[in-house]
Amino acid sequence: MRETLNDRRVSDIYQELLDKIREKTTSKLFDTMFSQDSFELKTLDDNKALFVADSSSNATMIKAAYLPFLQRELEEITGHHYDVEITDRSSFLKRKEAVEGATTSFFRNSRLLPQYTFDNFVAGPSNRDAFLACMFAVQNPAKSNPVFIYSKSGLGKTHLLQATGNDYRVKHPEAKVLYITSEDFLSEFVRFIKGRKDSENLKDFFNTVDLLLVDDIQFLAGKEDTQIMFFNVFNLLVSQGKQIVLTSDRSPYELKGLQDRLVSRFSGGLSVHIVNPNKETLIAILRKKMQINSLPENYFDDKVLDYLAFNYAKNVRELEGAFTKLLFAITIEKPQGNITLPFCKKVFDDDEQRRSKKGKIDVDRIISVVADYYSLTDAQIKSNVRTSQIALARQIAMYLAREILGLTYQVIGRTFSKDHTTVLSNVVKIETNLKTDAGLRKVVDKLTDIIKSGS
């Protein structure tokens, strides 16, 4: 039987994890990035593991190169899945001070990250309206309520939301700004109704909030009691002239599983869509990243920037991940002179090979297409998370793996870490719903076309 976390100290778990890291890296790289003074496992709480690196650059590079590895090995060691967060020491200390200095028991983990500002957000044709809407919310609170920003994953919604909070604090130092995800709101609400609370009342707490920022509001879908509480909070803040800014993966009218009155409230403000950035915006983002990392303006050949903007144009997060991977390779290999296209292609050789096989249909491609459609990650679909959107995406992926590839339930189950009876149940559920749900049929047909066309 696997040992539980209570049976072992965090330091013991981390030591075992370090041994696994040492096996996967060179001694020079290990001493540089994972020594005792450079990297540390700080906490294992609930479903989260927090690692702290000695610098922002070290945190960024470890996140880019080792995040999936750390998550996988930590789960293997403990027998428990953890969402891994990697931050730098300076940010960790600031967060610790903020938490320890909090006067309320609600939303202690809520925080604004100082690196997200309007100044370092690159605005272009794809996102300028959203950028201006958030600035308007800071300069003219409650004139448009709520400001509702929607787009697929990785296009800058969270950056804008955090920047709104940071700029509001600069202009209104005494104001109380609350940044939360909808899942944080749900967790806090569950804690509240179970009675694990101090003398405060959750609704009274929101009386003190001047600016409410909620990320991924779509995850309130299907949570009826939580939606009632959020509806009351929403009305309270609006009646008091407080500003609300929300983000979602789709427009208010496309949100499923939310009460009509909530959809009506969300639609009554300023809704702005962020679309995929064009090449010029992507290159501007890369140049901004170079500036932030103190790199000379001509450090990368123009063809390198063109290569990154062309091959990693799916979303800004993907582009930033590619840039970080390139910086990591530069740190390790230390090439002389400017960074050339041949060096860049060598770094991304594994991606080149995957692109060349893009037309091949396998279960991983099916999962990737479904994840992209629902603005999720492949890991979320394969996880045990049961929020309505993730569960539906997982069921559809299983159904398509069976329908398109003809895989057995056992084979599909191994991919999703589920037993064959669970896979069978999910596939049958989709098959049954397809007979009566025209919307689901439309989604499945669209996903099937994307998968088979290789687009």
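Where is the place of P146? In this predicted model, P146 sits in the loop between α5 (128–139) and β4, helices (H or I, at least four residues) and strands (E, at least two) being DSSP runs numbered from the N terminus. The peptide bond from N145 to P146 is cis, with omega near -5°.

Residues are numbered from 1 along each chain as its sequence is written, and side-chain values use heavy atoms, with hydrogens and water left out. Because the model is predicted, local features need pLDDT of at least 70 and side-chain atom pairs count only at pLDDT 80 or more, while totals for chains, interfaces and linings use all residues.

The secondary structure of the protein chain comes to 21 helices and 8 strands. Of its 455 residues, 44% count as buried, where buried means under 20% relative accessible area, exposed over 50% and partly exposed in between (1.4 Å probe, protein chains only). Among contacts (heavy atoms within 4.5 Å) between residues at least 6 apart in sequence, 72% join residues at least 24 apart.

Five strands form an open sheet with parallel pairing, in the order β5-β6-β7-β4-β8; two strands pair if DSSP finds at least two bridges between them. At the edges stand β5 (177–181) and β8 (270–273), each of which pairs on one side only. On average, and with direction ignored, neighbouring strands of this sheet are turned by 15° against each other. Axes for such angles are lines fitted to C-alpha atoms, for helices over the stretch in contact, and the angles run from 0 to 180 degrees between N-to-C directions.

Strand β7 (residues 243–248) is largely enclosed by the rest of the structure, because 6 of its 6 residues are buried. From β7, Q243, V245 and T247 point one way, and I244, L246 and S248 point the other way. Strand β6 (residues 211–215) runs parallel to β7 and is joined to it by 4 bridges. Within this pairing, V214 has L246 of β7 as its bridge partner. Strand β4 is likewise parallel to β7, with 4 bridges between them, and F148 stands opposite L246.

Leaving aside neighbours within four places in sequence, V177 is in contact with L112, G165, Y168, R169, L211 and L213. V177 and V209 are 32 residues apart in sequence, and their C-alpha atoms are 6.2 Å apart in space.

Helix α13 (residues 316–333) has 18 residues and reaches 26 Å from its first C-alpha to its last. This is close to the 26 Å expected at 1.5 Å a residue, the expected span being 1.5 Å times one less than the number of residues. At the N-terminal end, N315 caps α13 through a side-chain oxygen that lies 3.1 Å from the backbone nitrogen of R317. Just after the helix, K334 takes a positive phi of about 50°. The buried residues of α13 are V316, L319, A322, F323, T324, L326, L327, F328, A329 and I330. These buried residues pack against α2 (27–33), α3 (56–78), α11 (279–292), α12 (302–311) and α14 (341–347).

Positive phi values also occur at two serines in loops. S294, placed in the loop between α11 and α12, has phi near 60°, a positive value in a residue other than glycine. At 64% relative accessibility, S294 counts as exposed. S417 lies in the loop between α19 (409–416) and α20 (420–434), and its phi is near 55°. S417 is exposed, with a relative accessible area of 63%.

The count of disulfides comes to 0, a disulfide being a pair of cysteine sulfur atoms within 2.5 Å. Among the cysteines, C134 counts as buried at 1% relative accessibility, and C344 counts as buried at 0%.

Terms used
A polar contact is a pair of N or O atoms within 3.5 Å; within protein, one must be able to donate a hydrogen and the other to accept it, and residues adjacent in sequence count only if both atoms are side-chain atoms.
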